[in-house]
Amino acid sequence: MKINLTAKFAKILSQSSQRKLAYSLLLIAYSIVFTSCNEKKTEEAPEEEKAQTEVELTESQYKTVGIETGVVENRNLNKVIKANGYTTVPPQNSAEVSTLIGGTVKDIFVLEGTFVNKGKVLATIQNLEVIEMQEEYHSATANIEYLQLEYNRQKTLSDENVNPRKVFQEVKAKLAAERARAQAAKNKLEALHVSTKGSTSLVPIVAPISGYVGNIKIAKGAYAQTGVVLFEVVDNSQMHLDLNVYEKDLGSISVGQVIDFVLTNQSNKSIKGKIFGINKSFSNESKTVAVHAKIESEDAKGLIPGMYVSANINITNTTVPALPKDAVVKNADKYFVFVEEDEHAEKHEEKEGEKGTPHEKEIHFKAIEVIPGTTDLGFTEVKFVDKIDADAKIVTKGAFYLLSALKGGGEHDH
């Protein structure tokens with residue numbers, strides 16, 4: 001019995017050694033596989049990295065996209081302060097037309113958008129009180145004629161001591177009173193732009209300045225009240241900008257600085273102006289100060305008050321390496337340009353039973369990281385993270401398409 005137990009124990013030990021050996025062999029095999037996989041990944045890493053920075057187009061794709069290339073240029077770009085604002089006109093170039101006397105609208109002679117000269121009759125209103133003003137003026141002038149003759153006669157008699165001095169003084173006082181009454185009636189009629197001659201109940205509403213008629217807020221037959229705006233007239237010839245500049249930038253702003261601005265909701269055409277005034281108080285709770293800039297007369301054509309603008313106030317001018325702003329694209333939090341590399345032409349291998357056809361040319365592009373700086377006049381200052389050749393062909397048009405073709409895509413940055 002003892003011998004049998006010893007034999008079984010030896011068998012168990014033998015089995016245990018075999019298990020340990022198998023386990024050791026398994027660990028060695030796993031280590032080899034793991035090392036092989038790591039080496040394979042190490043070899044594939046550059047390929048994956050390459051795929052993230054390079055893209056290729058066929059010749060036909062190149063033409064379809066409209067790829068254009070250029071080189072880095074040294075350009076004079078301004079250091080700028082960005083500001084938003086709107087177009088406006090000076091107070092003396094904008095008028096809200098109302099009437100000094102109420103009345104019924106008789107006629108309207110203009111349309112919105114019509115250019116009118118100063119003094120042009122825009123409409124007429126009817127009020128019978130105007131007739132009374134004219135009658136008062138005519139009555140006063142008639143009395144003046146009579147009293148003037150009486151004044152002359154009494155003065156002569158007074159000088160000769162024929163009549164008492166008191167009678168002459170009374171005539172003189174009556175003459176002065178009638179003259180004052182006539183002048184008052186005349187002033188009222190002139191303020192209403194009504195002639196002192198004749199008799200009429202119509203009051204003309206005239207343009208106080210030359211300009212374009214804006215909103216017309218009356219209609220024929222309606223009652224026009226005093227103090228209520230009937231027409232708006234705007235002279236756009238003296239258009240300027242009101243820009244909102246933050247407190248931190250005020251130290252860099254001064255009268256005479258040139259600005260470039262674009263209309264926020266329209267084309268990107270750049271228009272020039274020049275600062276002529278800076279407010280000395282904050283405009284509102286946003287802690288901004290209004291900066292006023294005159295627009296060059298030729299560029300002011302077609303602008304109307306209230307158009308929103310985005311402006312660059314030019315501070316300093318320096319020469320820097322630059323590219324057209326469309327050449328710089330943004331992917332995640334980095335900026336890139338694309339450099340066109342050498343073209344490659346390969347041919348397909350002839351298939352069995354078919355005649356071989358030439359492979360279409362492939363143009364390769366590589367994304368190069370840059371740090372953008374000032375953007376001015378359609379160009380952006382660029383600093384390359386890694387040095388490139390001075391004559392490198394950089395994509396200036398179509399860079400966004402190339403960025404989209406890369407794995408992960410990105411967004412276009414202007």
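**View 1. Leucine 243 and its counterpart in strand β15.** In this predicted model, leucine 243 lies opposite valine 291, a residue of β15. The two strands shown here are β12, which spans residues 240–246, and β15; they run antiparallel and are joined by seven bridges.

**View 2. Strand β15 and its pairing with strand β14.** Strand β14, formed by residues 271–278, pairs with β15 through five bridges, again in the antiparallel sense. Within this pairing, isoleucine 275 has alanine 293 of β15 as its bridge partner. Strand β15 itself covers residues 288–295, and seven of its eight residues are buried, so the strand is largely enclosed by the rest of the structure.

**View 3. An open sheet of four strands.** The strands of this sheet follow the order β4-β11-β9-β6, and their pairing is antiparallel. At the edges stand β4 (94–97) and β6 (115–116); each has a single partner strand, so one side of each is left without a neighbour in the sheet.

**View 4. The pairing of strands β4 and β11.** Four bridges connect β4 with β11, the strand of residues 231–234, and the two pair in the antiparallel sense. Alanine 95 is placed opposite valine 233, which belongs to β11.

Terms used
Residues are numbered from 1 along each chain as its sequence is written. This is a predicted model: local features need pLDDT of at least 70, side-chain atom pairs count only at pLDDT 80 or more; totals for chains, interfaces and linings use all residues. Side-chain values use heavy atoms; hydrogens and water are left out. Buried means under 20% relative accessible area, exposed over 50%, partly exposed in between (1.4 Å probe, protein chains only). Two strands pair if DSSP finds at least two bridges between them.
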